[in-house]
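Good morning, everyone. Please open the structure on your screens, and let's walk through it together.

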Amino acid sequence: MSASRSTTYKIIGWVAVVALFIWALTGLELTGFQPTTWILTKSMLSGLVHPDWAYVYIPEGEDLLRSLLETLSISYLGNFVSAIVCLPFAFWAAANMSRFRAVSSTGKLFLSVVRTIPEIIMALIFIKAVGPNAFAGVMALGLHSVGMLGKLYAEAIENMDMGPTEAMTAVGANIWQRMAFAVVPQVIPDFISYTLYRFEINVRSATLLGVIGAGGIGTPLIFALNARQWPRVGIILIGIIVTVSVIDYISGTLRKRIV
């Protein structure tokens, strides 16, 4: 009987997946290819396989290296700001740091609200406030990362061993002594690991934010795309791929040693 019921559930599940797929396809308007599609595709591929190496370094102006350095600066500063700002919110959201569940629940709700707003929306808001520059990108990444890092930090606090904290409470230690000698030494490795992981994500996000004018490598990329300068697009993509790969490798190596 149970085997028959399991088979029925699988059939229902597959039918639901297929039905959703067909329903999604019906909402697409397949207009076909434009007459110039093949010409543009050949030009694009030709430019991508013959990148503009002269753009890597230009002594008197904007180049690939300067743009990548700006992207890394935006990512690092945004990550640094969020790692500091999210600390009180992480302890607020941790269930084992409060006697009342409602307190931690409101903290989790706050972090969820911040986390649900995409970086690109925050960047558009800050661009209106401070102008289209790298500062808008730093603020957008910093604010958005508070939600994610705060959530990860709170989980690290909740998963720690409460034994040392209870022992220090039993001998009369105050809250600051418990935090300094029982809580912080346990959660610091996880905090550093999560911060490094978030930095990897911020490097990719900073590239996207540059497309809308929040600084970084995304700005020259969108200019090159609009002008159809495919060789320049190719060298910019190569720079992004190399930079992200190196950052991922270094961050992964450090996290393995820390945790």
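Let's begin with one term. A helix here is a DSSP run of H or I that has at least four residues, while a strand is a run of E with at least two. Keep in mind that this is a predicted model.

Now use that term. Take residues 109–127. That stretch is 89% helix and 0% strand. Its end C-alpha atoms lie 27 Å apart. Next, residues 133–154. Here the chain is 95% helix, again with 0% strand. The end C-alpha atoms are 32 Å apart.

Why pick those two stretches? They come from the record. UniProt, in an unreviewed entry, lists "transmembrane region" at several places, including 109–127 and 133–154. What does the chain do over residues 68–251? It is 84% helix and 0% strand. The end C-alpha atoms of that range sit 17 Å apart.

On to helix 6. It runs over residues 134–158, and Ala 156 lies in it. Is Ala 156 buried or exposed? Ala 156 has a relative accessible area of 4%, so it is buried. What touches it? Set aside the neighbours within four places in sequence. Then Ala 156 is in contact with Val 187, Asp 190, Phe 191 and Tyr 194. Ala 156 and Gln 186 are 30 residues apart in sequence, yet 8.9 Å apart in space, C-alpha to C-alpha.

Side chains of opposite charge can pair when their charged atoms come close. Glu 155 and Lys 151 do this, at 2.8 Å from N to O. The two residues are 4 apart in helix 6, so about one helical turn separates them. Glu 155 is partly exposed, at 31% relative accessibility. Lys 151 is also partly exposed, at 31%.

How many salt bridges are there in the count? The count comes to 7. Let me show you two more.

One is Glu 200 with Arg 255. Their closest N and O atoms are 3.0 Å apart. Glu 200 is in helix 8 and Arg 255 is in helix 10, so the pair ties together parts that are 55 residues apart in sequence. Glu 200 counts as buried, at 7% relative accessibility. Arg 255 is partly exposed, at 23%.

The other is Arg 204 with Asp 248. Here the closest N and O atoms are 2.5 Å apart. Arg 204 is partly exposed, with a relative accessible area of 38%. Asp 248 is partly exposed as well, at 24%.

So what about helix 10 itself? Helix 10 covers residues 230–258, which makes 29 residues. From first C-alpha to last it reaches 42 Å, close to the 42 Å expected at 1.5 Å a residue.

Part of helix 10 is buried. Trp 230, Gly 239, Thr 243 and Ser 251 are among the buried residues. Which elements cover the buried residues of helix 10? The cover includes helix 2, helix 3, helix 8 and helix 9.

Helix 8 and helix 10 each supply at least two residues of the patch. Which helix gives the most? Helix 10 does, with 7 residues. Check one member from the other helix. Ile 188 is in helix 8. Its relative accessibility is 37%, so Ile 188 counts as partly exposed.

Find Arg 228, in the loop between helix 9 and helix 10. Most residues other than glycine have a negative phi. Arg 228 is not a glycine, and still its phi is positive, about 60°. Arg 228 is exposed, with a relative accessible area of 54%.

That's the tour. Questions, please.

Conventions
Residues are numbered from 1 along each chain as its sequence is written. This is a predicted model: local features need pLDDT of at least 70, side-chain atom pairs count only at pLDDT 80 or more; totals for chains, interfaces and linings use all residues. Side-chain values use heavy atoms; hydrogens and water are left out. The expected span of a helix is 1.5 Å times one less than its number of residues. Buried means under 20% relative accessible area, exposed over 50%, partly exposed in between (1.4 Å probe, protein chains only). Contact means heavy atoms within 4.5 Å. UniProt positions are given in the numbering used here, feature names are shortened, and annotations may be inferred rather than shown by experiment. A salt bridge is a side-chain nitrogen of Lys or Arg within 4 Å of a carboxyl oxygen of Asp or Glu.
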